[in-house]
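Please examine the sequence and the three-dimensional model shown below. The paragraphs that follow lead through the contacts within the protein and then turn to the ligands.

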Amino acid sequence: MSESIRIGLIGAGENTRVRHIPGLQAIDGVEISAVANSTVESSQRVADEFGIPQTFETWQELVASPEIDAVVIGTWPNLHCEVTCAALEAGKHVLTEARMARNLDEAKQMLEASKAHPELVAQIVPSPFGLECGPAITSLLKTHFLGDLREVIVLGANDQFWDYSKPLHPRQDAELSGKNTLALGILHESLMRWAPEPVQVFAQAELFEPTRPLPEENCFVEVGVPDSLQVVAELKGGVRCMYHLSGVTLFGPGLQIHLYGSRGTIKVEFVDGQEKVSCGRADDKELQLMEIPEEEKGSWNVEQDFVDAIRGNKKVSLTDFKTGVKYMEFVEAVSRSAEANAPVTLPLES
Ligand SMILES: NC(=O)C1=CN([C@@H]2O[C@H](COP(=O)(O)OP(=O)(O)OC[C@H]3O[C@@H](n4cnc5c(N)ncnc54)[C@H](OP(=O)(O)O)[C@@H]3O)[C@@H](O)[C@H]2O)C=CC1
Ligand SMILES: O=C1CO[C@H](CO)[C@@H](O)[C@@H]1O
């Protein structure tokens with residue numbers, strides 16, 4: 001590898017332009033050397049905007065280039081498995097966007113590919129929810145603030161898909177997003193940083209409006225992902241857990257995680273990029289807002305983590321492929337349960 005790390009972008013869309021490009025360009029010794037989007041024109045636009053010297057017509061050509069040390073994959077999940085496996089096989093480090101893959105099978109293929117190349121870094125962009133307050137919550141949990149965790153509520157209900165006249169969103173397209181439904185996987189990933197893993201799920205899902213406009217083809221297409229999902233789950237140790245996910249709740253509760261223990265409660269609300277944590281014990285009159293000192297706050301460190309891991313300075317923790325497979329297993333179990341209208345036990349056998 002040359003002195004500087006030469007990065008190739010595959011799918012430099014919205015999140016890559018807002019987050020990863022500025023994050024990477026701020027790190028000394030890192031060069032964004034090339035980009036491959038879905039079209040030459042779109043690759044060129046990104047190259048011009050961010051001063052990237054080379055474009056490739058296809059992601060396969062970028063992956064094959066000896067001038068690239070690492071790839072950042074910013075496409076929807078439909079390409080995460082194929083591109084990740086090809087890039088690792090070609091000797092490139094990989095940072096891929098969330099959700100890890102469309103389904104458990106693809107996630108497992110990615111994990112196997114990473115195990116076959118332990119010399120390469122394999123990282124998934126983590127759930128951003130709880131990055132800021134996570135360290136403070138972990139410290140609080142270590143003091144046994146909750147006592148025994150008994151019940152959990154996960155809410156991810158808003159109106160992002162309420163307006164049926166809006167075109168099909170990639171998140172509603174099963175070909176692109178697979179079994180990922182609403183904010184299920186991402187909230188579950190955050191929850192797993194604070195709670196034990198699930199041992200059983202029972203899910204039910206509904207699609208209130210089965211078609212959406214596809215303006216470029218002047219037609220309507222079928223929606224492949226539910227717009228309302230409820231999951232009753234049991235976590236290890238007998239913890240009871242409920243998830244309510246919806247994209248069609250006007251004035252819904254938004255994104256929240258509640259942890260109820262034998263001695264106390266922790267409630268986390270994710271509002272407009274802010275993380276609000278409230279806590280209470282039996283002798284409190286009401287929940288108290290937790291003031292987290294600046295030095296105890298975590299932050300988005302994704303690009304620096306990737307580069308540090310490539311330089312061998314630390315291992316990937318947020319988020320490694322093993323953790324990704326775990327949340328994809330949950331997503332898969334929920335999807336199978338909703339389809340069968342029956343409980344599903346974890347871990348899944350295949
Ligand atoms: N971790 C986080 O905090 C967040 C993660 N995400 C995740 O990031 C991913 C992308 O989201 P977002 O940036 O909003 O999506 P965009 O639709 O803006 O970007 C997708 C990109 O993929 C490119 N693409 C599609 N097909 C190909 C192909 N065959 N070869 C190369 N590039 C291709 C598109 O190219 P073109 O520009 O030519 O169309 C586009 O640049 C999703 O999985 C989403 O869930 C999103 C937001 C936040
Ligand atoms: O994976 C993701 C990370 O968080 C985003 C919201 O901030 C989600 O939209 C996205 O799917």
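**Domain interface and ligand surroundings**

Across the interface of domain 1 and domain 2, eleven residue pairs are found in polar contact, with both partners at pLDDT 80 or more. On the side of domain 1 that touches domain 2, the residues divide by class into five nonpolar, four polar and two charged. The model described here is a predicted one.

The two domains themselves are set out by the domain assignment of the protein chain. Domain 1 is made up of two segments, 5–127 and 301–319, while domain 2 covers 134–293. Their C-alpha centres lie 27 Å apart.

Where the domains meet, eleven residues of domain 1 are in contact with 15 residues of domain 2. The area buried between them is about 1100 Å², and carbon and sulfur atoms give 51% of that area. Charged side chains also take part: the count between domain 1 and domain 2 is two salt bridges.

A salt bridge can be followed at the level of individual residues in Arg102 and Glu175, whose side chains meet with a distance of 3.3 Å from N to O. Because a salt bridge requires a side-chain nitrogen of Lys or Arg within 4 Å of a carboxyl oxygen of Asp or Glu, the pair Arg102 and Glu175, at 3.3 Å, qualifies.

Attention may now pass to the ligands. Ligand 1 is surrounded by 24 residues, and the closest of these are Glu14, Asn15, Ser38, Ser42 and Ala98. Ser38 also places a polar side-chain atom 2.7 Å from an oxygen atom of ligand 1. Asn37 has a polar side-chain atom 3.3 Å from an oxygen atom of the ligand. With Glu97 the ligand atom concerned is a nitrogen, which is 3.3 Å from an N or O atom in the Glu97 side chain. On its own, ligand 1 has 930 Å² of accessible area, and the protein covers 74% of it.

Which residues are around ligand 2? They are Ala98, Arg99, Pro128, Phe129, Arg171 and Ile186. Within this group, Arg171 has an N or O atom in its side chain that is 2.6 Å from an oxygen atom of ligand 2. The protein covers 60% of the 290 Å² of accessible area that ligand 2 has on its own.

Note on methods
Residues are numbered from 1 along each chain as its sequence is written. Chains are lettered from A and ligands numbered from 1 in the order in which they are written. This is a predicted model: local features need pLDDT of at least 70, side-chain atom pairs count only at pLDDT 80 or more; totals for chains, interfaces and linings use all residues. Side-chain values use heavy atoms; hydrogens and water are left out. Domain bounds come from an automatic or database domain assignment. Contact means heavy atoms within 4.5 Å. Buried area is the accessible area (1.4 Å probe) that two parts lose on being put together, summed over both. A polar contact is a pair of N or O atoms within 3.5 Å; within protein, one must be able to donate a hydrogen and the other to accept it, and residues adjacent in sequence count only if both atoms are side-chain atoms. Ala, Val, Leu, Ile, Met, Phe, Trp, Tyr, Cys and Pro count as nonpolar, Asp, Glu, Lys and Arg as charged, and the others, Gly among them, as polar. A residue is near a molecule or strand if one of its heavy atoms lies within 4 Å of it. Accessible areas come from the Shrake-Rupley method with a 1.4 Å probe; for residues, only the protein chains shown count as cover.
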